[in-house]
Each structure stands twice: as structure tokens, then as C-alpha cells.
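Thanks for sending this one over. Here are my notes as numbered points, to read with the structure open beside you.

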Amino acid sequence: MRLTLADCFDPTGERFGLPTYPWKLAPEGLATRRQLWARDLRPGGQGIAAQLLRPRRRRELLTAYLYRVDLAKSVRPMTLARRAALAKANRARRTCPECRRDAGYAIPASLGMCVPCAHPEPQIAA
């Protein structure tokens, strides 16, 4: 069954169980996690207030959950301990398990090691 943009309008929540709006047509006072983060806010434990649906031709629907802006809390400030933990985690993502060097970028999961270790240049005799 293919949904059209008009099928995605269900402000009472009878059809989908949550108030549902078409993509980019959410009412004022509701925002996605990214929109809250852009305002230095976070959902703060509140439940999902509504959802946005966007029909697509070949794959399943795109869904974005909406939260009430008036119930959102401010983002917690970055502490020294959180900053140190984040730096340690990022350093671990950049360290190659083969050569143990900092690659300067996050090691691709598809390779599991830095690019020079994964694709060594062939030795050419002169």
C-alpha cells in the first residue's frame, strides 16, 4: 500500500496512534531532536508528542519524531570529565589496531585498519 502526502495527515492520531503530519508541515511548538539541539535544547525525558511522515517511492516511509518545545530542557554543559572521555573515545577510533599509529581520521569499519595497512603498496624492484 502506497501512502500519499494527504494520507500522512492525521492530527488526532486515529490511524497511526500518534498525531501525524506530512513532512515539513508540523505545527508550532513541536520540533525534532535536531531542531531542539540547534536551539541548545534536548527532549529531557518527555515522550514522543507527534510524528512526521514522508512517503517515498521505493522504500518505506521516512519518519521523524516530534517533541514539545515547551517541555524541552537545556543541554547539559560540557564538563572537563566529559570532554576528556570524548577525547579518549575519539582517539581510540583513530588508532589503527595493526600499526598502533594515530591515523588522523576515524578508521573505517569496513577496513578495520588504516588505509596504508589495508592496502600496502607493492614493492617494485628497481
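1. Let me begin with the pairing at one side of the sheet. This is a predicted model, and in it strand 1 is joined to strand 4 (residues 50–54) by three bridges, the two strands running parallel. Strands of a sheet pair through backbone hydrogen bonds, and the pairing can be parallel or antiparallel.

2. Lys24 has a positive phi, near 70°, and is a residue other than glycine. Where is Lys24 placed? Lys24 sits in the loop between strand 1 and strand 2, and with a relative accessible area of 73% this lysine is exposed.

3. The other angle belongs to Arg100, where phi is positive at about 60° although the residue is not a glycine. The loop between helix 2 (80–94) and helix 3 (115–118) holds Arg100. Arg100 is exposed, its relative accessible area being 62%.

4. How many disulfides are there? The count is zero. A disulfide is a covalent bond between the sulfur atoms of two cysteines, and the cut-off applied here is 2.5 Å between the sulfurs. For Cys99, the closest cysteine sulfur is that of Cys117, at 3.7 Å, which is too far for a bond. Cys114 also has its closest cysteine sulfur in Cys117, and the distance of 3.4 Å is again too far for a bond.

5. On to charged pairs. Side chains of opposite charge can pair when their charged atoms come close. Searching the whole structure gives two salt bridges. One of them links the side chains of Arg68 and Asp70, at 2.7 Å from N to O. Arg68 is partly exposed, with a relative accessible area of 36%, while Asp70 counts as exposed at 57%.

6. The other salt bridge is between Asp102 and Arg94, whose closest N and O atoms are 3.2 Å apart. Both partners are worth a look in a surface view. Asp102 is partly exposed, with a relative accessible area of 45%, and Arg94 is partly exposed too, with 25%.

7. Last, the pocket, in case you plan to look at it in your own tools. The largest pocket has a volume of about 210 Å³. Its lining is made up of 14 residues, and those closest to the centre are Ala26, Pro27, Leu30, Gln35 and Leu66. What is the make-up of the lining of the largest pocket in nonpolar, polar and charged residues? Eight are nonpolar, three are polar and three are charged.

Terms used. Residues are numbered from 1 along each chain as its sequence is written. This is a predicted model: local features need pLDDT of at least 70, side-chain atom pairs count only at pLDDT 80 or more; totals for chains, interfaces and linings use all residues. Side-chain values use heavy atoms; hydrogens and water are left out. Two strands pair if DSSP finds at least two bridges between them. Helices (H or I, at least four residues) and strands (E, at least two) are DSSP runs, numbered from the N terminus. Buried means under 20% relative accessible area, exposed over 50%, partly exposed in between (1.4 Å probe, protein chains only). A salt bridge is a side-chain nitrogen of Lys or Arg within 4 Å of a carboxyl oxygen of Asp or Glu. On a 1 Å grid over the protein atoms alone, a cavity is a set of points where a 1.4 Å probe fits but cannot get out, and a pocket is an open set with protein on both sides within 12 Å along at least five of seven lines; lining residues have an atom within 4 Å of a point. Grid points are joined across faces, edges and corners, and a volume is the space filled by probe spheres set on the points. Ala, Val, Leu, Ile, Met, Phe, Trp, Tyr, Cys and Pro count as nonpolar, Asp, Glu, Lys and Arg as charged, and the others, Gly among them, as polar.
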